[in-house]
Each structure stands twice: as structure tokens, then as C-alpha cells.
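Student: Please take me through a structure of this kind, one feature at a time.

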Amino acid sequence: MAEVKFCENNFGHGTDVIAEKLTNEGINVEVEPCLGYCGDCAVGPFALVDDEFIQADSPEELYEKIKEQM
């Protein structure tokens, strides 16, 4: 099963809702204080799916991209 990582600092872009939604779906979600993508983190929502960087324009789009990647 895929592992999805979120950065706490990115929660201002709405990724906290996506992390919770994926957790409720039984997906292995990790939330870390910093993932080291600070430049990208400031721009918009992102996550790492099996350590592959995924970014989107909105939390909803990020959710769809994560589901496609899995």
C-alpha cells in the first residue's frame, strides 16, 4: 500500500483536510513538521506519495492526483 506524507507547514493550503480524508479511507498517512520542500510548500498544496513529489493548484486537485498515483 502506498504511503502519503504531508508537511504540517503546508496545512495552510488545505492539505490537513486531505490528510484526514485519506486517513479515514485507511490510507497510510504521515504528517511531518517539514519535508524539505519549502519553496514548493509556499506555492501551494503538495504531498509525497511513496516519496514522489505531487503538487496541485487546490486541495481537491491534490486529492485526485494522490488517488491516481495510488
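Student: Which residues in helix 1 meet which residues in helix 3?

Tutor: A meeting here is a contact, that is, heavy atoms within 4.5 Å. On the helix 1 side the residues are Thr15, Ile18, Lys21 and Leu22, and on the helix 3 side they are Pro59, Leu62, Tyr63, Ile66 and Lys67. Sorted by class, this contact has six nonpolar, one polar and two charged residues. Nonpolar takes in Ala, Val, Leu, Ile, Met, Phe, Trp, Tyr, Cys and Pro; charged is Asp, Glu, Lys and Arg; the others, Gly among them, are polar. Helices (H or I, at least four residues) and strands (E, at least two) are DSSP runs, numbered from the N terminus.

Student: What kind of model is this, and what is the average pLDDT of the chain?

Tutor: It is a predicted model, in which local features need pLDDT of at least 70 and side-chain atom pairs count only at pLDDT 80 or more, while totals for chains, interfaces and linings use all residues. Residues are numbered from 1 along each chain as its sequence is written, and side-chain values use heavy atoms, with hydrogens and water left out. The pLDDT is the predictor's confidence in each residue, from 0 to 100. The protein chain averages 96, and 100% of the residues score at least 70. Confidence is lowest in helix 2 (residues 38-43), with a mean of 95, and highest in strand 3, at 98.

Student: How is a pair of packed helices described?

Tutor: By the angle between their axes and the distance between the axes. For helix 1 and helix 3, the axes come within 9 Å and cross at roughly 35°. The axes are lines fitted to C-alpha atoms, for helices over the stretch in contact, and angles run from 0 to 180 degrees between N-to-C directions.

Student: Which residues of helix 1 are buried?

Tutor: Buried means under 20% relative accessible area, exposed over 50%, and partly exposed in between (1.4 Å probe, protein chains only). In helix 1 the buried residues are Thr15, Ile18, Ala19 and Leu22. They cover an arc of only 100° around the axis, so they sit on the same side of helix 1; the arc is that of the directions from the helix axis to the C-beta atoms. Their packing partners are strand 1, strand 2 (28-32), strand 3 and helix 3. Turned away from that side are the exposed residues Val17, Glu20 and Asn24. Asp16, also in helix 1, counts as partly exposed because its relative accessibility is 32%.

Student: Which residues of helix 3 are buried, and what do they pack against?

Tutor: In helix 3 (residues 59-69), Pro59, Leu62, Tyr63 and Ile66 are buried. Seen down the axis, these residues fall within an arc of 105°, so they line one face of helix 3. They pack against strand 1 (3-7), helix 1 (15-24), strand 3 (46-49) and strand 4 (52-55). The face turned away from the buried side carries the exposed residues Glu60 and Glu68.

Student: What does Pro59 touch?

Tutor: Pro59 is in helix 3 and counts as buried because its relative accessible area is 18%. Not counting residues up to four places away in sequence, Pro59 touches His13, Gly14, Ile18 and Pro45. Pro59 and Gly14 are 45 residues apart in sequence, yet 5.7 Å apart in space, C-alpha to C-alpha.

Student: Is phi of most residues other than glycine negative or positive?

Tutor: Negative. Asp50 has a positive phi near 50° although it is not glycine, and Asp51 has a positive phi of about 65°. Asp50 is partly exposed, at 47% relative accessibility, and Asp51 is exposed, at 53%. Gly26, which follows helix 1, has a positive phi near 85°.

Student: Where is Met1, and is it buried or exposed?

Tutor: Met1 is in the segment before strand 1 and counts as exposed, at 80% relative accessibility. Leaving aside neighbours within four places in sequence, Met1 is in contact with Gly26, Ile27 and Asn28.
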